[in-house]
Amino acid sequence: MDEIESTTENLMQRIRLFYRKRRWLTWGLALLLLACQKKEKSELVWDANFPVIGSQSSPRAVDLNKDGTLDLVMGAGKNEFEDSAYGVLAIDGVTGELIWNHPAMDQVYGSASFQDINGDGFPDVFIGGRGPYFKGIDGQSGELLWEYDTLGYTNHPVLRHARFNFNNSVWIPDQNNDGLKDLLVSNGGNAKAAPYETTDRFPGVLMVLDPVNGEVLAADTMPDGNETYLSPILLPAEGKMGDRVVFGSGGETISGSLFLAELTDLMNNDLSSAIRLVTENGHGFIASPVAADLDQDGTLDLVVISHGSSVFAISGKTLEILWQQTIPGTECSNSFAVGNFTDDDIPDFFTFVSKGVWPENTGSVQILLDGKSGEIAHQRELGCTGFSSPIAYDLNKDGFDEVIFSINSYDCQRAIDDESAFLIENKLLLMDFASGEIHNLDQSKGFKNIFSTPWMGDLDGDGFLDLVHCQYFSHSDILSFLGMRVKRIDLPIKMRNEPLWGSIMGSQGNGIYQK
């Protein structure tokens, strides 16, 4: 009997071993097939449509519902000065359906920052816009955590001026020892002030907010007393230099400067010692600066473009101008895409500028600047007015980055006072500097995109790139909000490395290019 049981047990062990090997073989074959899997062409995964509203915001990605796929958050709204239930949109990355929406009194044009501040394991959302509007929103439910309220500051010497537009925020190191990063953000710009007039213009405010409750931890006005539209960035501490903040003043028709200040000075509510890096007469600095090491000294340098299309590269160590460039007869509110576009190891810079004077712009000029010299390495003229910023990635694996950007095609020479309907065609283009080729990724007649920068990365973790971009219905004019759609396109391109510049102000949203 014992022999029979022993024999039976041996047989069962051999059977279990057989099936275990067979199971591992099955899994091995499945993994091998997955590794060899290829995508033949681009695929539209979803197309989310939203009537009535539009957006001047750019999408950013984060997993809000813990399903393993990144979701999209962006600001939105109706036309200027109109309230909407759809001021902030959280869009499911898998389906394109709304996870939640949050109301706003005016257009929310900023892009979101994320951090879990209530300890529920879900990232929360921080975003600003017109009104003034700046809110902390529960990332899981879309419920309000807090909002900036001007009523408590009407008699404050500094914060009484912070009643206009909130621009993009960036994270800075914890300033109040609660274990959470804090928010650096600027407020300024009175939309009702007439062009070229100094009446009804008020000093912009740079401030630090506590993301837990919205408390203002520190604030001061622009050192020159001018307005601000620029989203500030932080230069992290390097060597003997502490954390420094970069911010700017001025507008489309108002002179302004780019400034650098110690973060400790801002935390003391005093920007009077800020260093004026560069100044432009008749124009300010609207597009956010970017930071990259140009002179290979191990310290981040700054590159900024004024509204008058003057470009400055500034040493982060000595604060001297490394090079400068001007694109005459143009204006710029677009920031840069930073990447490796030329045949050296120094980052290069791509953007596009508008010919003429707003609102009578007569075309768009695409500019590639060599990061080593500042020389124009490539120049094209494609499309008309547009203020979205480009993104960059080496899509064809040739060792050089390509850029993706949006243009609007219509009769750029049409009279600005011509109120008749006209056709706009929006195109999403890929420009390959190595080959000189331009590829059309997507195009739609009757649509426009004025402000939204695309997003690129791996949404679903399948190892392939995804591309998200926004388009806006347009049957009559360039600025009105008439409805919008957001597209997720699955690209047949294997992602070798995370994109460094896959969204507005870079993939990290901080304006820093660092490999």
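Biologist: How many cavities of 30 Å³ or more are counted in this structure?

Modeller: This is a predicted model, in which local features need pLDDT of at least 70 and side-chain atom pairs count only at pLDDT 80 or more, while totals for chains, interfaces and linings use all residues. Residues are numbered from 1 along each chain as its sequence is written, and side-chain values use heavy atoms, with hydrogens and water left out. A cavity is a set of points, on a 1 Å grid over the protein atoms alone, where a 1.4 Å probe fits but cannot get out. By this rule, the cavities of 30 Å³ or more number two.

Biologist: What is the volume of the largest cavity?

Modeller: Grid points are joined across faces, edges and corners, and a volume is the space filled by probe spheres set on the points. For the largest cavity this comes to about 60 Å³.

Biologist: How many charged residues are in the lining of the largest cavity?

Modeller: Lining residues have an atom within 4 Å of a point; here they include Lys448, Phe451, Tyr472 and Phe481. Ala, Val, Leu, Ile, Met, Phe, Trp, Tyr, Cys and Pro count as nonpolar, Asp, Glu, Lys and Arg as charged, and the others, Gly among them, as polar. Six lining residues are nonpolar and four polar, and the number of charged residues is one.

Biologist: Which elements give two or more residues to the lining of the second largest cavity?

Modeller: The second largest cavity has a volume of about 30 Å³. Its lining consists of Ser406, Asn426, Leu428, Asn449, Ser452, Pro454, His469 and Cys470. Strands are DSSP runs (E, at least two residues), numbered from the N terminus. The elements with two or more residues in this lining are β30 and β34 (464-473).

Biologist: Which are the edge strands of the open four-stranded sheet?

Modeller: Two strands pair if DSSP finds at least two bridges between them. The order is β28-β29-β30-β31, with antiparallel pairing. Pairing on one side only marks the edge strands, β28 (391-393) and β31 (437-445).

Biologist: Which residue in the turn of the β26-β27 hairpin has a positive phi?

Modeller: Five bridges join β26 (residues 360-369) to the antiparallel β27 (residues 376-381), and Gln366 stands opposite Arg380 in β27. Six residues lie between the two strands of the hairpin. The positive phi, about 85 degrees, belongs to Gly374.

Notes: 1 Å grid on protein atoms, 1.4 Å probe; cavity = no way out; pocket = protein on both sides within 12 Å on 5 of 7 lines; lining within 4 Å.
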